[in-house]
Amino acid sequence: MITPTDNLYDLSENARILWINPLYTDVYNRAMADSFRQIVRPGTEVDVVSLDGEGPSHVEYNAFEALMLPQLLRTVRWAEEEGYDAAVIGCFYDPALRAAREITDRMVVVGPAHSALSIAGSLGERFSILVGRKKWIPEMAENVHRCGASDRLASWRVLEMGVDDFQQDPALTEERIMTEARKAVEQDGADVIILGCTAEFGFFRTVQEEIGVPVIDATVAPLKHAEQLVDSVRRFGWTHSKRLGYDGPTAQERQQFFPALEPKHLVSMTAVSA
């Protein structure tokens, strides 16, 4: 049982967060770690990992998503055993978010979609989500519904790009995001834009300045949400409730079926040169 601290002045402002790219490639790890240095507050440390072995470089398909789930959950278990305060599952599908919360006790776990939707609801009335392909919409729409945000969704806007395309030609990506964001605001009535893929990182500031509405980056939102939840655990004892949906397996079952798996491809935010 986690209880509130008696002395708020004794609390550490430091937080350790593990960002898990649920992909069988480390191509994004260093660039993300570098961008995170500009996002988190002083004292927060972020390590970025990806999955080991052979597998897909994206999870655009449900079949690919299923392939990575066991290793993802074992990495979450490792993170808690290693003393991380929070873990981020770095995919806008929020894969295995409920499962990850079931198998952790002390550590909080967040996903980009849930975090972005929570923030969007506080910043505006109606939001549009910019996705790479139409294929992504059905599963993401389930997350929007699960978060109770369907009635505030102005539109889905499709960039006609795959996950692997976003960082290949940044100028093209920015152009397409700008075009669809402007349509979402002017034609669909959105007053908040959500970039619906973590691989769309690095573009929100320019688009936001041009379009004139909040543009929520799917990497910034979960990191700031994670920092907030770490504070909530330490100050008030607010963590994932085990009363209903996040009740999980016993410690013995976790060890048997989800033994901790140390990732091989880890990049520390603090180790990336400025």
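Predicted model: local features only at pLDDT ≥ 70, side-chain atom pairs only at ≥ 80, totals over all residues.
Buried residues make up 52% of the 274 residues in the chain. Among the charged side chains, 27 are positive and 41 are negative, and the centres of the two sets lie 3 Å apart.

**Overall fold**

The secondary structure of the chain consists of nine helices and nine strands. Its radius of gyration is 18 Å, close to the 19 Å that the globule rule gives for 274 residues, so the chain is as compact as a globular protein of that length. Taken along the principal axes, the box filled by the C-alpha atoms is roughly 50 × 45 × 40 Å. Where contacts with a separation of 6 or more are considered, residues 24 or more positions apart account for 77% of them.

**Leu73 and Ala96**

Leu73 is placed in helix α2, which covers residues 62–81, and with a relative accessible area of 9% it is buried. Leaving aside neighbours within four places in sequence, Leu73 is in contact with Ala96, Ala99, Ala100, Ile103 and Phe258. The C-alpha atoms of Leu73 and Pro259 are separated by 9.0 Å, although these two residues stand 186 residues apart along the chain. Ala96, one of the contacts of Leu73, lies in the loop between β3 (86–89) and α3 (97–102). The phi angle of Ala96 is near 60°, a positive value in a residue other than glycine, and at 19% relative accessibility Ala96 counts as buried, because the limit for that class is under 20%.

Glu180, by contrast, is buried, with a relative accessible area of 12%, and is found in helix α6, residues 170–186. When its neighbours within four places in sequence are left aside, Glu180 is in contact with Leu130, Arg157, Val158 and Leu159.

**Aromatic pairs**

A pair of aromatic rings is described by the distance of the centres and the angle of the planes. The count for this chain comes to five aromatic pairs, and two of these are set out below.

| Pair | Centre to centre | Angle between planes | Arrangement |
|---|---|---|---|
| Trp19 and Phe36 | 5.1 Å | 50° | tilted |
| Tyr61 and Phe64 | 5.2 Å | 85° | edge-to-face |

Trp19 lies in strand β1 (residues 15–21) and Phe36 in helix α1 (residues 29–36), so this pair ties together parts that are 17 residues apart in sequence. Both Trp19 and Phe36 are buried. In the other pair, the planes of Tyr61 and Phe64 stand at 85°, and the pair is edge-to-face because that angle is over 60 degrees. Tyr61 is partly exposed, with a relative accessible area of 33%, and Phe64, at 27% relative accessibility, also counts as partly exposed.

Conventions. Residues numbered from 1 in each chain as written. Heavy atoms only, no water. Helix = DSSP H or I, 4+ residues; strand = E, 2+ residues; numbered from the N terminus. Buried < 20%, exposed > 50% of the residue type's maximum accessible area, 1.4 Å probe, protein only. Contact = heavy atoms within 4.5 Å. Rg over C-alpha atoms; globule rule 2.2 N^0.38 Å. Lys, Arg positive; Asp, Glu negative; His and termini not counted. Charge placed at Lys NZ, Arg CZ, Asp CG, Glu CD. Phe/Tyr/Trp six-rings, centres within 6.5 Å; stacked < 30°, edge-to-face > 60°.
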